[in-house]
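Keep the sequence and the 3D view at hand while reading.

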Amino acid sequence: TWDWFILLIAKTGLRFSEALALTPKDFDFAHQSISVNKTWNYKGGGGFLPTKNKSSVRKVQIDWQMVIQFSELIKKLPEDEPVFVKDKVYNSTVNDILSRHCKKANIPVISIHGLRHTHASILLFAGVSIASVARRLGHSSMNTTQKTYLHIIQELENRDIDLVMRSLSVLN
């Protein structure tokens, strides 16, 4: 199930503890969304905890492929129990699995938290607004998103400057 967990974080940008806390009840396949409303206390003795901040309580849209894949995965699971947690969970366990996948695919090794950053970077490069990315990630402020992804925002601004110059050069 850790492969599904890794896919989930790559495609949603959820925090590690948020993804661990997901129960079958949090999946709304009819609306293609996941409800993020709690975290899992993986550093302590387990159990549900509140989200990092008020903005972290959110609905995250998922694509139709995830709807199909996860509807099968959770079909027979108890509605109120975490999908991915069976015993004590360690961040390092999931990072080791992800590392093996990266090495096998001959790509740079990334951490599970790095997937969250990659998710946000892909969205920003695709033209998704900073406000939408901030909401999707559950940031308490757009400033958090802007600070974290400043290097990408600067690269996008450079691309915009090139576009402006090309657009203006055709005017006589």
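Is Ser121 buried or exposed? Note before answering that this is a predicted model.

**A serine in a helix**

Ser121 is buried. Its relative accessible area is 16%, and the cut-off for buried is under 20%. The residue sits in helix α5, which spans residues 112-125. Leaving aside residues up to four places away in sequence, Ser121 touches Tyr149 and Ile152.

**Salt bridges**

How many salt bridges does the structure hold? The count is six.

Arg58 lies in strand β5 (residues 58-61), while Glu18 lies in helix α2 (residues 16-20), so the bridge ties together parts that are 40 residues apart in sequence.

Lys25 and Asp80 form another salt bridge, at 2.7 Å from N to O. This pair links distant parts of the chain, 55 residues apart. Lys25 is in the loop between α2 and β1 (27-28). Asp80 is in the loop between α3 (64-74) and α4 (91-104). Lys25 is exposed, at 51% relative accessibility. Asp80 is partly exposed, with a relative accessible area of 46%.

Lys75 pairs with Glu72. Their closest N and O atoms are 2.9 Å apart. Lys75 is exposed at 53% relative accessibility, and Glu72 is exposed at 51%. Elsewhere, salt bridges with shared partners join Arg15, Glu18 and Arg58 into one network.

| Salt bridge | Distance |
|---|---|
| Lys25 and Asp80 | 2.7 Å |
| Lys75 and Glu72 | 2.9 Å |

**Reading the pairs by burial**

Which class does each partner fall into? Lys25 is exposed, whereas Asp80 is partly exposed. Lys75 is exposed, and Glu72 is exposed.

Key. Residues are numbered from 1 along each chain as its sequence is written. This is a predicted model: local features need pLDDT of at least 70, side-chain atom pairs count only at pLDDT 80 or more; totals for chains, interfaces and linings use all residues. Side-chain values use heavy atoms; hydrogens and water are left out. Helices (H or I, at least four residues) and strands (E, at least two) are DSSP runs, numbered from the N terminus. Buried means under 20% relative accessible area, exposed over 50%, partly exposed in between (1.4 Å probe, protein chains only). Contact means heavy atoms within 4.5 Å. A salt bridge is a side-chain nitrogen of Lys or Arg within 4 Å of a carboxyl oxygen of Asp or Glu.
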